[in-house]
Amino acid sequence: MHVKHLTSALTWVATAALLTACGQKEEAAAPAAAPAPVAAAEPVVKIGHVAPMSGAIAHLGKDNEYGARMAIEELNAAGVMIDGKKVKLELLAEDDAADPKQGTAVAQKLADAKVAGVIGHLNSGTTIPASKVYSDAGIPQISPSATNPKYTRQGFKTTFRVVADDVHLGSTLGKYAVDTLKAKNVAVIDDRTAYGQGVADEFSKAAEAAGAKIVAKEFTTDKATDFNAILTSIKGKKPDVVFFGGMDAVAGPMLKQMKSLGIKAKFMGGDGACTAEMPKLAGDAIGEEQVFCAEAGGVEGEAKVGMDEFRAKFKAKFNDDVKLYAPYVYDATKVLVAAMVKANSADPAKYLPVLAATTDYKGVTGPISFDEKGDIKHGALTLYTFKGGERTQLAVIR
């Protein structure tokens, strides 16, 4: 090729390459397509739940937490609108191990987390001290199971419960011991907790008022396993009924030791000893119509259909039976959220008055209304015995 032609060719190639490169740079520098708009995140409303998830009654704590989770999941699936906005409910679950000190610690943790409300605690002994923390923070608290009267009698505006208290429960059982079981001599044992001692005292007062003689008053702890000393003392006094104020984890072994000592007395207890776990914990000492107890709550008539449906849904979801208070936790959670929806706000200061004014909320546990203290109005009790290793309902009393 001629040199002149070669130079022209090279110049053309270089120019083409430069133009191509510039084009690529311009293409690379071209602005990217605007991203699709991202939907705004749903506002989160935090709800606390506290129960013993460790220790001897962790099975009851787990039962309670399941009730809360079931309610939260159903509400989120249905869509909760507060003040025109769809919100996402988030459950903050804490373990108080049935210990008052741990109970106040987790209460402060939830207050610091700015929860909108709290469902819990399970035990009166943790619920009462924790209620001061929530009151100071202005956070509404609904207990599904604490029955000691003191809880709602401290003058706090933030305390509510959806079950009858120990005055109703203990007095009903005391009267039943005398009028129905024909007890003349009664022995009373409690576990020294706020719940156990409270319900035992109310039982004693009612039994004495109905004509029984309290032949022994003994106490143990909520962690004890050996009751031979107090039971041997009681045996010599020949009681017709032994009443225990405490939980099933202690009541079961106590029943076994009563049987081994040959104590023939009927055994009675409050709601803590009135669980579906009692036959497992007591074994064959549960007997046939040997144990009588009462659960703080109860439905009858047409309302039983809703409770039966709840129990079936609960079993299908968790592959476990309701132990005791899961339905009350479920209702308490939904009552709390219903008040937020009605008030158009999850701000505790704004929805608290609406919660306090709740009237005949239709729950699976029956209608829910609160009195001026935050106690449920017309609270029911369900009396049970055990037959064939199963808890068997005797009557619902209001």
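Six strands, in the order E2-E3-E1-E4-E5-E6, form an open sheet with mixed pairing, where helices (H or I, at least four residues) and strands (E, at least two) are DSSP runs numbered from the N terminus, and where two strands pair if DSSP finds at least two bridges between them. This is a predicted model, in which local features need pLDDT of at least 70 and side-chain atom pairs count only at pLDDT 80 or more, while totals for chains, interfaces and linings use all residues. Residues are numbered from 1 along each chain as its sequence is written, and side-chain values use heavy atoms, with hydrogens and water left out.

**The two sheets**

Strands of a sheet pair through backbone hydrogen bonds, either parallel or antiparallel. In the six-stranded sheet the edge strands are E2 (80-82) and E6 (159-161), each of which pairs on one side only, and the twist averages 35° from one strand to the next. Within this sheet, strand E4 (residues 117-119) and strand E5 (residues 141-143) run parallel and are joined by two bridges, with Ile119 standing opposite Ile142 in E5.

Helices also lie against these strands. Helix H4 (residues 124-137) packs on the sheet and touches E1, E4, E5 and E6, and its direction makes about 165° with that of E5; contact here means heavy atoms within 4.5 Å, and angles run from 0 to 180 degrees between N-to-C directions, with axes being lines fitted to C-alpha atoms, for helices over the stretch in contact. Helix H2 (residues 58-78) lies across strand E1 (44-51), E2 and strand E3 (85-95), running at about 170° to E3.

A further open sheet has seven strands in the order E8-E7-E9-E10-E11-E14-E15, again with mixed pairing. Its edge strands, E8 (213-219) and E15 (390-397), each pair on one side only, and its twist averages 25° from one strand to the next. Strand E11 (residues 291-296) runs antiparallel to strand E14 (residues 381-387), and five bridges join them; Cys293 has Tyr384 in E14 as its bridge partner.

**A pair of packed helices**

Two packed helices are described by the angle between their axes and the distance between the axes. Helix H11 (residues 326-343) and helix H12 (residues 348-356) pack at about 115°, with their axes 8 Å apart. The contact is made by Val335, Leu336, Ala339, Met340, Lys342 and Ala343 of H11 together with Lys350, Tyr351, Val354 and Leu355 of H12.

**Cavities**

How many cavities of 30 Å³ or more does a search of the whole structure find? The search finds two, where a cavity is a set of points, on a 1 Å grid over the protein atoms alone, at which a 1.4 Å probe fits but cannot get out, and lining residues have an atom within 4 Å of a point. Grid points are joined across faces, edges and corners, and a volume is the space filled by probe spheres set on the points.

| Cavity | Volume | Lining by class |
|---|---|---|
| Largest | about 100 Å³ | eight nonpolar, six polar, two charged residues |

Strand E13 (residues 366-368) gives the most to the lining of the largest cavity, with three residues.

Conventions: 1 Å grid on protein atoms, 1.4 Å probe; cavity = no way out; pocket = protein on both sides within 12 Å on 5 of 7 lines; lining within 4 Å. Nonpolar A, V, L, I, M, F, W, Y, C, P; charged D, E, K, R; others polar.
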